[in-house]
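The exercises below go through one structure part by part. Try each task before reading its solution.

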Amino acid sequence: HAIGGFWTREIVRARLDDTGQAVDILCNDGNGGATDCATAPPIYHGTPTPTYNGGISTTVTLWNRLRLHGMVDFKGGHRLFNSNTFLRCTVLKICELNVKPEMADPIVLAATQISGDFSAVSPFLEKGNYAKLREVSASYTLPGDWARRFGAQRATLTVAGRNLHTWT
């Protein structure tokens, strides 16, 4: 397994009682069954390091004057710990799960109840895959006589945007 990988108990079953608390909480026993979470072994949930990444860029020139450029990069195959949700729901107790437990997934609610020691945080490990539109630009090369008016041989106007969109 990868160094620094995520190992945590994995809650596989829980139900809500009449008061909105998760009860009958069972964790993965590591052999395809379920056991009491206090004795459950940690299960590997993936690496925080992307297993693949890359980028694609292209430039197109139109009419010898207009140049359009775009670049997208991507990473994937890894998991991220959502510490914001974990802290809000588990430590601070100020998330929707705490206010409306009847609307919650019993497994996630069980994790908020027993994960104060970070031992069963698998519901807070999320896929880290993304693609980002890093750059789009348009450059226009001005006619030579326009550039000479400014004492230059050549002039180009460029409009660019960066970090425009993220797909997850």
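**Exercise 1.** Find the strand that holds Ser139 and decide whether this residue is buried or exposed.

*Solution.* Step 1: Ser139 is part of strand S10, residues 130–141; helices (H or I, at least four residues) and strands (E, at least two) are DSSP runs, numbered from the N terminus. The model is predicted, so local features need pLDDT of at least 70 and side-chain atom pairs count only at pLDDT 80 or more, while totals for chains, interfaces and linings use all residues. Residues are numbered from 1 along each chain as its sequence is written, and side-chain values use heavy atoms, with hydrogens and water left out.

Step 1: Ser139 has a relative accessible area of 6% and is therefore buried. Buried means under 20% relative accessible area, exposed over 50%, and partly exposed in between (1.4 Å probe, protein chains only).

**Exercise 2.** List the contacts of Ser139 beyond four places in sequence, and find the polar contact of its side chain with Thr158.

*Solution.* Step 1: Contact means heavy atoms within 4.5 Å. On that basis Ser139 touches Arg65, Leu66, Arg67, Thr156, Leu157 and Thr158, leaving aside neighbours within four places in sequence.

Step 1: The side chains of Ser139 and Thr158 are joined by a polar contact of 2.9 Å. A polar contact is a pair of N or O atoms within 3.5 Å; within protein, one must be able to donate a hydrogen and the other to accept it, and residues adjacent in sequence count only if both atoms are side-chain atoms.

Step 2: Leu157 is 18 residues from Ser139 in sequence, and their C-alpha atoms are 5.5 Å apart.

**Exercise 3.** Work out the order of the strands in the open sheet and say which stand at its edges.

*Solution.* Step 1: The open sheet has three strands in the order S2-S3-S4, with antiparallel pairing. Two strands pair if DSSP finds at least two bridges between them.

Step 1: S2 (11–16) and S4 (34–36) each have a single partner strand, so they are the edges, and one side of each has no neighbour in the sheet.

Step 2: S3 and S4 are paired over three bridges. Leu26 has Asp36 in S4 as its bridge partner.
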